[in-house]
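Here is a walk through the charges, strands and cores of a single protein chain. Have the model open as you read.

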Amino acid sequence: MQGSRFRKSTDAYRQGILEGDRIILSQAITLMESAHEEDQRAARELLESLIKHTGQSLRIGITGPPGVGKSTFIEAFGKHLTEQRIPIAVLTIDPSSNRSQGSILGDKTRMHDLSKDPLAYIRPSASGNVLGGVAQKTRESMLLCEAAGYKIILIETVGVGQSETAIKDMIDFFLLLALPGAGDELQGIKKGIMEAADAIVVTKADGDNVARATLALSEFKHALHLLSSSDTSWTPRALAASSVSGKGLDEIWLMIQEFERGSKLSGRFEETRKRQRVQWMNEYFQQLLAQDIEQANLVEQKLNHERAVMENRVTPFSAAKAILQHYHEEIRKRKS
Ligand code: GDP
């Protein structure tokens, strides 16, 4: 928790971020993640002042089971981008506690070269602040990175099931990494994730793995073909790559650029972004409403209604409606 003692002025954060100062960017993300009420207020003010400088990046989500090679891929793919002078930001999220290297330090060592690259910024999510595989403040962190001038944002999540929809709501392109091998691996990937993916990359396609990777690739191509629907402008693709040899990395980058060009031309890109912004607003509205209801001090009335429902004296619907009535009365009292 940051607390007011260490807080800079909104303008100092703003200036620092716009100048691409990584230390200030990190401090601002910490401010966003803080539970301290004053920090939250300052963070909101900062985001408000930077909103015009956001949205200029391409947002790529990367997911896959532990061990599939996500961090190795991000390191290799990230280097591939920075070699072309493209500044990238990597936001990593790891909700699983069973990975020994899931800590902040671990993430840095996992992407050793990239973390030393002046064109790359790596930020692991605060632990314990994760909902459905996506950290609560990932979206805000992403916007701050954009304001700091990063052109590609890579968001890493572990494919844990619910995360795919949460992540899908904040990115432009969704990359699913899969292991080389067939049948069993394919079964292990949830259908929802497959459907959400814009591309599947079979990892570790090198050395002894090449034959298995080729087999997996043809299975995934087949699976995507079965899943494909005719009403989208983008047909998801399957590719194979090796983060060790670098094979396939350029192909992936070309594919993503093709996606970006096509979806911008068709208007789909901006349409999706608009939908995502409204979705974000709705999430906040739900949150604020829930907070407001919480503060309305309905505990006692709620308990009474709960008891009535438990004893089957009233229907759950009429009890719920009565609680809402109490809430409205509470608001009227507040106004008068
Ligand atoms: P994550 O848990 O998905 O982030 O996976 P890691 O990136 O930590 O990789 C898991 C293991 O796979 C490590 O031992 C890596 O060295 C290995 N690995 C990752 N990518 C490749 C690759 O392209 N080729 C080979 N041969 N091994 C790889």
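## Salt bridges

Arg7, Glu38, Asp39, Arg41 and Glu45 are tied into one network of salt bridges, a salt bridge being a side-chain nitrogen of Lys or Arg within 4 Å of a carboxyl oxygen of Asp or Glu. By that rule the count is 16 salt bridges. Keep in mind that this is a predicted model, where local features need pLDDT of at least 70, side-chain atom pairs count only at pLDDT 80 or more, and totals for chains, interfaces and linings use all residues. Residues are numbered from 1 along each chain as its sequence is written, and side-chain values use heavy atoms, with hydrogens and water left out.

Arg59 and Glu146 form a salt bridge at 2.7 Å, N to O. Arg59 sits in strand β1 and Glu146 in helix α7, 87 residues apart; helices (H or I, at least four residues) and strands (E, at least two) are DSSP runs, numbered from the N terminus. Arg59 is buried at 7% relative accessibility, and Glu146 is buried at 5%. Buried here means under 20% relative accessible area, exposed over 50%, and partly exposed in between (1.4 Å probe, protein chains only).

Asp172 and Arg273 also pair up, with their closest N and O atoms 2.7 Å apart. Asp172 is in the loop between α8 (163-168) and β7 while Arg273 is in helix α13 (residues 268-295), so this pair ties together parts 101 residues apart in sequence. Both ends are buried, Asp172 with a relative accessible area of 11% and Arg273 with 2%. Then there's Arg313 with Glu311, at 2.9 Å, N to O: Arg313 is exposed at 54%, and Glu311 is partly exposed at 47%.

Just after α7, Gly149 takes a positive phi of about 100°.

Glu140 belongs to α7 (residues 138-147). Glu140 is buried yet has no salt bridge, and the nearest side chain of opposite charge, Lys137, is 4.2 Å away. For charges, Lys and Arg count as positive and Asp and Glu as negative; His and the chain ends are not counted. Leaving aside residues up to four places away in sequence, Glu140 touches Met32, Leu47, Trp280 and Tyr284, where contact means heavy atoms within 4.5 Å.

## Strand β2

Five of the five residues of β2 are buried, so this strand too is largely enclosed by the rest of the structure. Ile88, Val90 and Thr92 point one way, with Ala89 and Leu91 pointing the other.

β2 runs parallel to β3, joined by five bridges; strands pair if DSSP finds at least two bridges between them. Val90 has Ile122 of β3 as its bridge partner. β2 also pairs with β6 in the parallel sense, over five bridges, and Leu91 stands opposite Ile155 there.

## Nonpolar cores

A nonpolar core is a set of buried Ala, Val, Leu, Ile, Met, Phe, Trp, Tyr and Cys residues joined through side-chain atoms within 4.5 Å. Of the 33 residues in the largest one, Leu175 and Ile252 touch the most other members. The top contributor to this core is α12, with six residues. Ile252 touches Phe73, Phe77, Leu175, Val201, Leu239 and Ala241, again not counting residues up to four places away in sequence. Apart from this core lies another of 32 residues, including Met32, Ala89, Met142 and Ala196.
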